[in-house]
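Hi there,

Here is the structure I promised to pass along.

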Amino acid sequence: MRSSKNRSRSKGNRNNNRSMGNIVNRVFDSSGPEGKVRGTPQQIIDKYNQLTRDAQLANDRVAAENFQQHAEHYARMLGEAQREQDARRAEQEAQQQQQQQAREARQAREDEAAQDQPADMPDSKPEQKSFGEVIDVPASGDSGLVSTPESAPKPKRPRTRRAPKKTAEAPSEGQGDAPNSPEEGPQAAE
């Protein structure tokens with residue numbers, strides 16, 4: 001089992017190497033002389049400044065100094081974090097500006113190369129050509145291609161008319177009044 005000295009020593013080293021990160025919006029619990037104060041660094045600073053004014057109005061110089069020291073501590077933390085953020089932002093803006101300048105320089109070189117290129121050399125970027133320019137089509141109409149069974153049109157069958165459907169024969173006179181088709185049914189009922 002580790003001793004508490006090793007743990008505390010490694011914990012202290014770990015905290016010193018850690019960057020401030022985004023503490024501007026981080027919520028802290030500050031244990032001050034009047035109890036805990038919870039909030040972002042700016043909120044804690046405002047609270048301790050208010051407690052300092054209250055202590056000064058009560059003529060308690062010791063408490064006022066104590067609250068003022070707490071407020072200064074969080075003001076230093078907040079200032080350091082904001083300096084880090086500003087430096088990071090400036091670095092990102094510088095990188096973006098360098099990338100933009102590199103893009104502009106590359107575009108300028110490409111434009112110069114396109115202008116300096118002789119007329120008899122083909123362009124590095126081919127122009128869009130029409131179908132007739134790409135494929136040599138003979139003017140006579142003979143394409144010179146071999147016909148294949150797939151490309152040949154299918155022979156058409158001659159159309160023949162169907163014989164009319166046979167209808168049911170009319171009933172014989174001796175078979176009665178019953179109709180043979182549904183069309184004759186309503187007429188017979190009348």
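Is Asn59 buried or exposed? At a relative accessibility of 69%, Asn59 counts as exposed (exposed is over 50% relative accessible area, buried is under 20%, and partly exposed lies in between, with a 1.4 Å probe and protein chains only). Asn59 sits in the loop between α2 and α3. Its phi is positive, about 60°, although Asn59 is not a glycine. For context, most residues other than glycine have a negative phi.

Before the rest, some ground rules. This is a predicted model, in which local features need pLDDT of at least 70 and side-chain atom pairs count only at pLDDT 80 or more, while totals for chains, interfaces and linings use all residues. Residues are numbered from 1 along each chain as its sequence is written, and side-chain values use heavy atoms, with hydrogens and water left out.

**Overall layout**

The protein has five helices and two strands (DSSP runs numbered from the N terminus: H or I of at least four residues for helices, E of at least two for strands). Along the sequence, the order is α-β-β-α-α-α-α. Of the 190 residues in the protein, 13% are buried. The accessible surface comes to about 17,600 Å², and carbon and sulfur atoms hold 47% of that (areas are from the Shrake-Rupley method with a 1.4 Å probe, and for residues only the protein chains shown count as cover). Among contacts with a separation of 6 or more, 42% are between residues 24 or more positions apart (a contact means heavy atoms within 4.5 Å).

**Where Arg26 meets Thr40**

Two loops come together here. Arg26 belongs to the loop between α1 (4–17) and β1 (28–32), and Thr40 to the loop between β2 (35–39) and α2 (41–57). The two residues are 14 apart along the chain, yet their C-alpha atoms are separated by 5.6 Å. Leaving out residues up to four places away in sequence, Arg26 touches Gly39, Thr40 and Pro41. By the same rule, Thr40 touches Val24, Asn25, Arg26 and Val27. How do they compare in exposure? Thr40 is buried because its relative accessibility is 17%, whereas Arg26, at 43%, is partly exposed.

**Phe67**

Phe67 is part of helix α3. With a relative accessible area of 3%, Phe67 is buried. Beyond its neighbours within four places in sequence, Phe67 is in contact with Pro33, Glu34, Tyr48, Leu51, Thr52 and Ala55.

**Charges**

How many salt bridges does a search of the whole structure find? The search gives three (a salt bridge being a side-chain nitrogen of Lys or Arg within 4 Å of a carboxyl oxygen of Asp or Glu). As background, side chains of opposite charge can pair when their charged atoms come close.

- Arg38 and Asp29 have their closest N and O atoms 2.8 Å apart. Arg38 is exposed at 60% relative accessibility, and Asp29 is partly exposed at 43%.
- Asp86 and Arg89 meet at 3.0 Å, N to O. They are three residues apart in helix α3, so about one helical turn separates them. Asp86 is partly exposed at 45%, and so is Arg89 at 44%.
- Arg88 and Glu84 have their closest N and O atoms 3.7 Å apart. They are four residues apart in helix α3, so they too are separated by about one helical turn. Arg88 is partly exposed at 41%, as is Glu84 at 25%.

There is also a patch of negative charge on the surface, where Glu110, Asp111, Glu112 and Asp116 gather. One of these, Glu112, lies in helix α3 (residues 61–116). Patches take residues with over 30% relative accessible area and no salt bridge, joining like charges within 9 Å and nonpolar side chains (Val, Leu, Ile, Met, Phe, Trp, Tyr) within 5 Å. Lys and Arg count as positive and Asp and Glu as negative, with His and the chain ends not counted. Each charge is placed at NZ of Lys, CZ of Arg, CG of Asp or CD of Glu.

That is the handover. Enjoy exploring the model!

Best wishes
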